[in-house]
Amino acid sequence: MANHHCHNYRFKLANTLFFESFRRETRQSGSTPLSITRRAFTAALSLTGLSLLAGFSPFRLIAEAMAQAASDVGKAVSLPHMALGPATAKVTITEFASMTCPHCAAFNAEVFPKIKAAYVDTGKVRYVFREFPLDIKAAAGSMLARCIAKDDASKYFAVVDLLFRQQNDWVMKNTTETLERIGKQAGLSQQQVEDCLKDQALLDKIAADQKYAADVLKVDSTPTFFVNGEKIKGETSFEEFQKKIDPLLNS
């Protein structure tokens, strides 16, 4: 499977009510004219010449850098992590996804169920889902999932799965109506759905987590995965994940 991905545009929050802006944009077709900036750089670390330093091992440096990366990935910045699997699992997979990304939806339908059955449900892997919205509609979907699930990770993953499976309906057409229907199916009233999408504090937290992922973890596309701190970019096959996971389990 080719590692297809959706390119990152980091949105900036406008000084207007999110819900009113969202309702205006969802009445229109096509992309939203939201204030956005393209992330035009990636960080690179060069080890050239380090081996010449007395007593300095580049291999030790790489190991320490990977450990630091795993620590950075595991940090909960603004919102609590939504995770399946035991916290004591030997391997942690963290996915950064946008609810409007078709490659994220394809991964959710085709690959994630296999990872869940083989590794998460058997207690071998902890799987963490992190929001990385690429546009205003993705932010709305993430907000709704958080409002419905509250602190229930299993419910959160169920809502995310539903949003991905109905992505064509709520992203391309009838966005507000579909999100309201999903919210009602999950037990929210229409007013509660509207209150959720008006929750500026929640949106600010999602945006802060996204900024951390972009600035610190150098996430620049979705889906992006970290397996014990090692980055994997793009829609990735189950077999490729096996190649990463199994050696870590057997080490």
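1. Helix α6 (residues 153–165) lies across β4, β5 and β6, and runs at about 100° to β4. Helices here are DSSP runs of H or I with at least four residues, strands are runs of E with at least two, and both are numbered from the N terminus. Lying across rests on contact, meaning heavy atoms within 4.5 Å. Angles go from 0 to 180 degrees between N-to-C directions, with axes fitted to C-alpha atoms, for helices over the stretch in contact.

2. A word on the source: this is a predicted model, where local features need pLDDT of at least 70 and side-chain atom pairs count only at pLDDT 80 or more, while totals for chains, interfaces and linings use all residues. Residues are numbered from 1 along each chain as its sequence is written, and side-chain values use heavy atoms, leaving out hydrogens and water.

3. Helix α4 (residues 112–120) also lies across β4, β5 (91–97) and β6 (125–131), at about 145° to β6.

4. Now the sheet itself. It is open, with five strands in the order β4-β6-β5-β8-β9 and mixed pairing; strands pair if DSSP finds at least two bridges between them. At the edges sit β4 (82–84) and β9 (230–233), each pairing on one side only. From one strand to the next, the twist averages 20°.

5. Take a look at β8 (residues 224–227), which is joined to β9 by four bridges, the two running antiparallel. β8 also pairs with β5 over four bridges, again antiparallel.

6. Which way do the β8 residues point? T224 and F226 go one way, F225 and V227 the other, and all are buried, i.e. under 20% relative accessible area with a 1.4 Å probe, protein chains only. The hairpin of β8 and β9 has two residues between the strands, and N228 there takes a positive phi near 50°.

7. On to helix α8 (residues 175–185), where the buried residues include T175, L179 and I182. G187 follows α8 with a positive phi near 105°.

8. How do α8 and α9 (residues 190–197) cross? Their axes come within 9 Å and cross at roughly 120°. L179, E180, G183 and K184 of α8 meet Q190, V193 and E194 of α9. By class, that contact has two nonpolar, two polar and three charged residues.

Methods. Buried < 20%, exposed > 50% of the residue type's maximum accessible area, 1.4 Å probe, protein only. Nonpolar A, V, L, I, M, F, W, Y, C, P; charged D, E, K, R; others polar.
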